[in-house]
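Thanks for coming, everyone. Please look at the structure on the screen while I talk you through it.

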Amino acid sequence: MRALQFTAYGGPEVLEWGDAPAPHAGPGQIRIAVRAASVNPIDWKTFAGAMSGGQPMVGTGYLGYDAAGVVDEVGEGVMGISVGDDVLGRGQNTQAEYAVLDSWAAKPSSIDWAVAAAAGLAGETSERGLRLLGVKAGDTIFIDGGAGGVGAAAVQMAVARGAKVIASSSEANQDYLAELGATPVLYGEGVVAGVRAAAGGGVDAVFDVAGKTAVDELISLAPEPAQVVTIANFAAGDAGVRVSGGGADSHPMKALAQVAQLLAQNKLVIKVQTFPFDRAADAYRISQGGHVRGKLVLIP
Ligand SMILES: NC(=O)c1ccc[n+]([C@@H]2O[C@H](COP(=O)([O-])OP(=O)(O)OC[C@H]3O[C@@H](n4cnc5c(N)ncnc54)[C@H](OP(=O)(O)O)[C@@H]3O)[C@@H](O)[C@H]2O)c1
């Protein structure tokens, strides 16, 4: 099969769409013929070497943490899914012709492949953040970085819960945030005052998706530091903020079921820009720029 790969750390120029060994579904897993796989910042952090802990590159690296496709192998112990079913989900090395998924949900038939692929990691992360924060109807939440992959999903999933959502973006994405159902504020200097003005005071929860605003500023908006959850500022734990990397605090099967339901109901709408796999480097250059609206998705 073919897979996106790299043999040296660097920029998007190290990527190659080339031959690779096909993976197989182990116990509790499924394999899919990939119809689309999304780009996430973790992918370029990986090929840039930022996740290597300073170790030199060994062997070949592969990319991708989510995808949508058609099931073609069902691992031992897996129930409720059959060869030929259309699914979306999370796995590793998904930017390939075939990929193994660890968690999945049936793809709603009304949702196209690229949107389904885009929903995996961003949707699971959003469900996790909102669950950890206990966001419920009537709450006010501030989502710092509301226009990107995770942010746009989190805004809509919080709105679907009946929360009032205030979200930040650059000037260019203020109208997009309003379209998603949030009260937009500009990030950067003055963001705290902007949120206070929009909320009429503090908020019940802060979901830091971007990791760019000083942690003290985010804490000043919440009833207590633990009501700030960040997925992108890994130093923030020292201040009492909850840092989530998606390990034991992740409930991926439940999250993806919820995400698929919201997609089917049009309560979660994901704006996607697609690229063929052999132009993945172009998608990664855009992702590295840090101002993605919605999601970038690779298709075979
Ligand atoms: N820990 C986890 O489990 C987990 C899971 C998924 C993602 N992540 C991390 O979370 C981060 C976001 O991921 P993503 O997929 O949503 O990225 P993305 O799609 O590239 O989105 C980036 C967004 O950040 C916004 N942004 C840029 N500068 C900002 C600032 N100063 N303040 C607030 N927002 C700002 C941009 O808005 P404008 O375009 O309007 O500038 C853009 O919409 C990445 O670092 C990623 O690695 C962590």
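**A buried glutamate, and what surrounds it**

E127 counts as buried, because its relative accessibility is 5%. Buried means under 20% relative accessible area, exposed means over 50%, and partly exposed is in between, with a 1.4 Å probe and protein chains only. Before I go on, a word on the model: it is predicted, so local features need pLDDT of at least 70, side-chain atom pairs count only at pLDDT 80 or more, and totals for chains, interfaces and linings use all residues. Residues are numbered from 1 along each chain as its sequence is written, and side-chain values use heavy atoms, with hydrogens and water left out.

Back to E127. Where does E127 lie? In helix α2. Helices (H or I, at least four residues) and strands (E, at least two) are DSSP runs, numbered from the N terminus. Leaving aside neighbours within four places in sequence, E127 is in contact with M157, R161, A255 and Q258. Contact means heavy atoms within 4.5 Å.

Next, the cores. A nonpolar core is a set of buried Ala, Val, Leu, Ile, Met, Phe, Trp, Tyr and Cys residues joined through side-chain atoms within 4.5 Å. The largest one has 45 residues. I141, I143, F207 and L263 have the most contacts inside it. Several elements give two or more residues to this core, including α2 (113-132), β8 (140-144) and α7 (252-264). Which element gives the most? It is α2, with eight residues.

Take F207. Setting aside neighbours within four places in sequence, its contacts include T125, L133, I141, A154 and V229. There is also a second, separate core of 29 residues. L63, A67, I81 and L101 are among its members.

Now the ligand. Look at the polar contacts, which are pairs of N or O atoms within 3.5 Å. Within protein, one atom must be able to donate a hydrogen and the other to accept it, and residues adjacent in sequence count only if both atoms are side-chain atoms. The side chain of Y187 has an N or O atom 2.4 Å from a ligand oxygen. For the side chain of N173, that distance is 2.9 Å. G148 uses a backbone N or O atom, 2.9 Å from an oxygen of the ligand.

On to the aromatics. Rings of Phe, Tyr and Trp (its six-membered ring) pair if their centres lie within 6.5 Å; planes under 30 degrees apart are stacked, over 60 edge-to-face, and the rest tilted. The count is four pairs. F6 and Y9 are tilted, at 6.3 Å centre to centre and 40° between the planes. F47 and Y284 are edge-to-face, at 5.1 Å and 85°. F47 sits in helix α1 (residues 41-47) and Y284 in helix α8 (residues 280-289), so this pair ties together parts 237 residues apart in sequence. F47 is buried, at 0% relative accessible area. Y284 is buried too, at 0%. F6, Y9, F47 and Y284 form one aromatic cluster.
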